[in-house]
Amino acid sequence: NAPMGRSKSVAARAVEGADRFWGRLAWLAVAAAWAFVLAAMASYSPLDPPGHAGVLGSDSLANWCGPVGAYLAHILFLILGSGAWALIIASGAFLAVAASGQTIGQAALRAVGCVMIALAVSGFHALLAPAWSTAPEGAGGLIAIAGVDILSRRFGGLGTAIALSLIGTVGVMVAFDRWLAFIPHALSVLWPSRAMHAFWAR
């Protein structure tokens, strides 16, 4: 029985090592894709094809990631506008969490929360600074421009801001609920008063 037990232990360690190896490989692949998209967004130029902000366009691409990067950045900013930055920052935060060895449960649901945050950021951009953009269609991306237009017609500027705040808040809670739970503890450490403990103990 002892040799059989040892063989099972060796097999289990081998499987665990293989899982760890493939997990790290998957993380590296996702991190490389994230870095590529980040570089493409950081070097985005509206004059790069397929951009249409310029009259003639650029003779050479300004994007660091070539035509593929220019296309990806154009699509992201066209659809999400400034909210694309919120999406890339949130995904980078999850990559950092995964690199620390923590597991990220309900990844699909958290991704939905990140998209909601991005849409809220884009919506506020379209609502508060619609002309602050190099895109001919305006600021915020196509989704936010259409959504803000619909909401503004029905609920006005204040109602639209409240709706966007709600979308962003729900998105933060869905995406980062696990880490938001540490905020009350951190506040109680920084402000160790009876009132604070009583408030969070309810």
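A salt bridge here is a side-chain nitrogen of Lys or Arg within 4 Å of a carboxyl oxygen of Asp or Glu. With that rule, a search of the whole structure turns up two salt bridges. I will come back to both.

First, the ground rules. This is a predicted model, in which local features need pLDDT of at least 70 and side-chain atom pairs count only at pLDDT 80 or more, while totals for chains, interfaces and linings use all residues. Residues are numbered from 1 along each chain as its sequence is written, and side-chain values use heavy atoms, with hydrogens and water left out.

Now the overall picture. The protein chain has seven helices and zero strands; both are DSSP runs numbered from the N terminus, helices being H or I with at least four residues and strands being E with at least two. Of the 202 residues, 26% count as buried. Buried means under 20% relative accessible area, exposed means over 50%, and partly exposed is in between, with a 1.4 Å probe and protein chains only. The accessible surface of the chain is about 12700 Å², and 72% of that belongs to carbon and sulfur atoms. Those areas come from the Shrake-Rupley method with a 1.4 Å probe, and for residues only the protein chains shown count as cover.

Next, helix H4, residues 107–128. Its 22 residues should span 32 Å at 1.5 Å a residue, and the end C-alpha atoms are 32 Å apart, which agrees. The expected span is 1.5 Å times one less than the number of residues. The buried residues of H4, including Gly-113, Ile-117 and Ala-120, pack against helices H2 (66–80), H3 (83–99) and H5 (141–180).

From the H5 side, take Leu-164. Leu-164 counts as buried, at 5% relative accessibility. Leaving out residues up to four places away in sequence, Leu-164 touches Ala-120, Gly-123, Phe-124, Leu-127 and Val-148, where contact means heavy atoms within 4.5 Å.

Which side chain does Arg-110 meet? Arg-110 pairs with Asp-177, at 2.6 Å from N to O. Arg-110 lies in H4 and Asp-177 in H5, so the pair ties together parts that are 67 residues apart in sequence. Arg-110 is buried at 8% relative accessibility, whereas Asp-177 is partly exposed at 38%.

The second salt bridge joins Arg-153 and Asp-149, at 3.0 Å from N to O. Both residues lie in H5, four residues apart, about one turn of the helix. An α-helix has 3.6 residues a turn, so residues three or four places apart point the same way. Arg-153 is exposed at 65%, and Asp-149 is partly exposed at 36%.

Now a loop residue. Asn-63 sits in the loop between H1 and H2. Is Asn-63 buried or exposed? At 6% relative accessibility, Asn-63 counts as buried. A polar atom of the Asn-63 side chain lies 2.9 Å from the backbone nitrogen of Cys-65. Beyond its neighbours within four places in sequence, Asn-63 has contacts that include Ala-40, Tyr-44 and Ala-73.

Last, the surface. Phe-21 belongs to helix H1, residues 2–42, and is partly exposed at 47% relative accessible area.

Definitions and conventions
Polar contact = N/O pair within 3.5 Å; in protein donor to acceptor, adjacent residues only side chain to side chain.
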